[in-house]
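Hi,

Here is the structure I promised to pass on. Have a look at it first, and my notes follow below.

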Amino acid sequence: MESPFRPDILKGKVALLTGGGSGIGYEISRQLGKHGAFIAIMGRRKNVLDSAVSSLRSFGISAIGLEGDVRKRDDAVRVLESTIKHLGRLDILVNAAAGNFLVPAEDLSPNGFRTVMDIDSVGTFTMCHEALKYLKKGGPGKGPSSGGLIINISATLHYTATWYQIHVSAAKAAVDSITRSLALEWGTDYDIRVNGIAPGPIEDTAGVSKLVSEVRSNAEEQEPLFKFGEKWDIAMAALYLASDAGKYINGTTMVVDGGLWLSKPRH
Ligand code: HXC
């Protein structure tokens, strides 16, 4: 689908995306790039990064891939330094790296729980923390949003309770809390906006192939509320937040799920 945004809304900006080599993270990278941003993507798997970078370049986007694991502080520091070295500045950090699997709480080891907390929550904090010094002076330096922007990819799992997702629900609840705390402190001190996006089930993603049952009733599939979203939908939300249209939005997590999390079974 065509973007409704002008192609130059992020002209000259630099964005770093964790988990930017695949899934939702890749599509956000692509759309930020198509709207003028220079893109750095961070991920653990070199082959995934390499193919994502060549794919981004095939769209005319300036992109680099930087290997690293958000669980390692040294990797975070190194990747941020490389971003500055290669692209000169940092305006937008998108935390899209995540880990997930379906498992009943009874069968989940504390280390399995910790692994997802480490990737999603601690990883998000680590990247924000190490990015701060660059984001402080990342923006255009005038007007109402002179600092940089952080977007944390969350979920809606923890708004209620979700079967076999105790680890991810806890991790994304922490992510939302991190979003609010940083929005308060860094919004006040540095004019940095910190927001989240909570996607519903998005087609063609690891999240959906790992988590969503293949057995969906025909009745459900007919209802707008139960439609899968597209990666494009999440990328458009990110563009809105990253553009000047989002300049007064800080500390919120935007739910992009077609209203699904509100639903209950019909009686
Ligand atoms: C039970 C499991 C498990 C499983 C791993 N563990 N997979 N437990 N069921 N399926 C446990 C292991 O037993 C181990 O604990 C601990 O977790 C660490 O496992 P490792 O394999 O060593 O971890 P690692 O190699 O670092 O892999 C991380 C991972 C993996 C999270 C487990 O799945 C991964 O790398 N995923 C990244 C990609 C991904 O999943 N993306 C999807 C995001 S979707 P013990 O005790 O044995 O040592 C998403 C959507 C959310 O986030 C919302 C959607 C609506």
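How many helices and strands does the chain have? Eight helices and seven strands, where helices (H or I, at least four residues) and strands (E, at least two) are DSSP runs numbered from the N terminus.

Before you dig in, two bits of housekeeping. Residues are numbered from 1 along each chain as its sequence is written. This is a predicted model, where local features need pLDDT of at least 70, side-chain atom pairs count only at pLDDT 80 or more, and totals for chains, interfaces and linings use all residues.

Over residues 138–144, though, the pLDDT is below 50. Beyond near neighbours in sequence, that stretch has 13 contacts in the model (residue pairs whose C-beta atoms, placed from the backbone, lie within 7 Å). The model's ipTM is 0.95 and its pTM is 0.94.

Now the sheet. The seven strands form an open sheet in the order β3-β2-β1-β4-β5-β6-β7, with parallel pairing; two strands pair if DSSP finds at least two bridges between them. β3 (63–67) and β7 (253–256) stand at the edges with a single partner strand each, so one side of each has no neighbour in the sheet. Direction ignored, neighbouring strands are turned by 20 degrees against each other on average. β1 (residues 14–18) and β2 (residues 38–43) pair over five bridges, and T18 has M42 in β2 as its bridge partner.

Two helices to look for on the sheet: α4 lies across β1, β4 (92–95) and β5 (149–153), running at about 175 degrees to β4. Helix α8 (residues 231–242) touches β4, β5, β6 (193–199) and β7, and makes about 165 degrees with β6. Those angles run from 0 to 180 degrees between N-to-C directions, with axes as lines fitted to C-alpha atoms, for helices over the stretch in contact.

Cheers

Conventions. pLDDT = per-residue confidence, 0-100.
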